[in-house]
Amino acid sequence: MIAKKYTSYVFSFFMSLLMSSIMSMVVTLINMGLVDNLLTIWLRAWSISFVIAFPTIIVVAPLVKKLVDVVIEQ
């Protein structure tokens, strides 16, 4: 198991994994349609988007938390 102190990184990993997979599939389908090599095209797009998404979530998450704290009534 992973130590609790790494919760934000584990959350960021799974969030970026799932969001990048869904978004890259949607965009690939919109742009390419149902082509024969869709899986290969999508996996390439997903691998690129995940590499961007994971560090982005780690950097952006603290800012988003602050924004949420501003707009949520205490």
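Predicted model: local features only at pLDDT ≥ 70, side-chain atom pairs only at ≥ 80, totals over all residues.
Me: Let's start with the rings. What makes phenylalanine 13 and phenylalanine 54 an aromatic pair, and what makes the pair edge-to-face?
Reply: Their ring centres are 5.9 Å apart, and pairing asks for centres within 6.5 Å.

Me: What does the pair of phenylalanine 13 and phenylalanine 54 tie together?
Reply: Phenylalanine 13 sits in helix H1 (residues 7-32) and phenylalanine 54 in helix H2 (residues 38-71), so the pair links parts that are 41 residues apart in sequence.

Me: And why is the pair of phenylalanine 50 and phenylalanine 54 called stacked?
Reply: The centres of those two rings are 6.0 Å apart and the planes are at 10 degrees. The cut-off for stacked is under 30 degrees, so the pair is stacked. Phenylalanine 50 and phenylalanine 54 are four residues apart in helix H2, which puts about one helical turn between them. Together with Phe13 and Phe14, Phe50 and Phe54 form one aromatic cluster.

Me: Now the helices themselves. How do you know whether the span of H1 is close to the expected one?
Reply: H1 has 26 residues, and 38 Å is expected at 1.5 Å a residue. From its first C-alpha to its last it reaches 37 Å, which is close to that. After H1 comes glycine 33, with a positive phi near 80 degrees.

Me: What makes H2 fall short of a straight helix?
Reply: H2 has 34 residues, and a straight helix would reach 50 Å at 1.5 Å a residue. The end C-alpha atoms of H2 are only 41 Å apart. There is also a kink of about 40 degrees in H2 at valine 60, shortly before proline 62.

Me: Which residues are buried in each helix, and what covers them?
Reply: In H1 the buried residues are Ser12, Ser16, Ser20, Ser21, Ser24 and Thr28, and they pack against H2. In H2, Leu38, Trp42, Phe50 and Ala53 are buried, and what covers the buried residues of H2 includes H1.

Me: What about threonine 28, buried or exposed?
Reply: Threonine 28 is in helix H1. Its relative accessible area is 7%, so it is buried. Setting aside neighbours within four places in sequence, threonine 28 is in contact with Gly33, Leu38, Ile41, Trp42 and Ala45.

Me: And which class does methionine 19 fall into?
Reply: Methionine 19 also has its place in helix H1. Its relative accessibility is 42%, so it counts as partly exposed.

Me: Last one. Why do the side chains of aspartate 69 and lysine 65 count as a salt bridge?
Reply: The distance from N to O is 3.3 Å, and the rule asks for a side-chain nitrogen of Lys or Arg within 4 Å of a carboxyl oxygen of Asp or Glu, so the pair qualifies. Side chains of opposite charge can pair when their charged atoms come close. The structure holds one salt bridge.

Me: Where do aspartate 69 and lysine 65 sit relative to each other, and how exposed is each?
Reply: Aspartate 69 and lysine 65 are four residues apart in helix H2, so about one helical turn separates them. Lysine 65 has 54% relative accessible area, so it is exposed. Aspartate 69, at 37%, counts as partly exposed.

Terms used: Residues numbered from 1 in each chain as written. Heavy atoms only, no water. Phe/Tyr/Trp six-rings, centres within 6.5 Å; stacked < 30°, edge-to-face > 60°. Helix = DSSP H or I, 4+ residues; strand = E, 2+ residues; numbered from the N terminus. Expected span 1.5 Å × (residues − 1). Bend = angle between axes of the 7 residues up to and from the residue. Buried < 20%, exposed > 50% of the residue type's maximum accessible area, 1.4 Å probe, protein only. Contact = heavy atoms within 4.5 Å.
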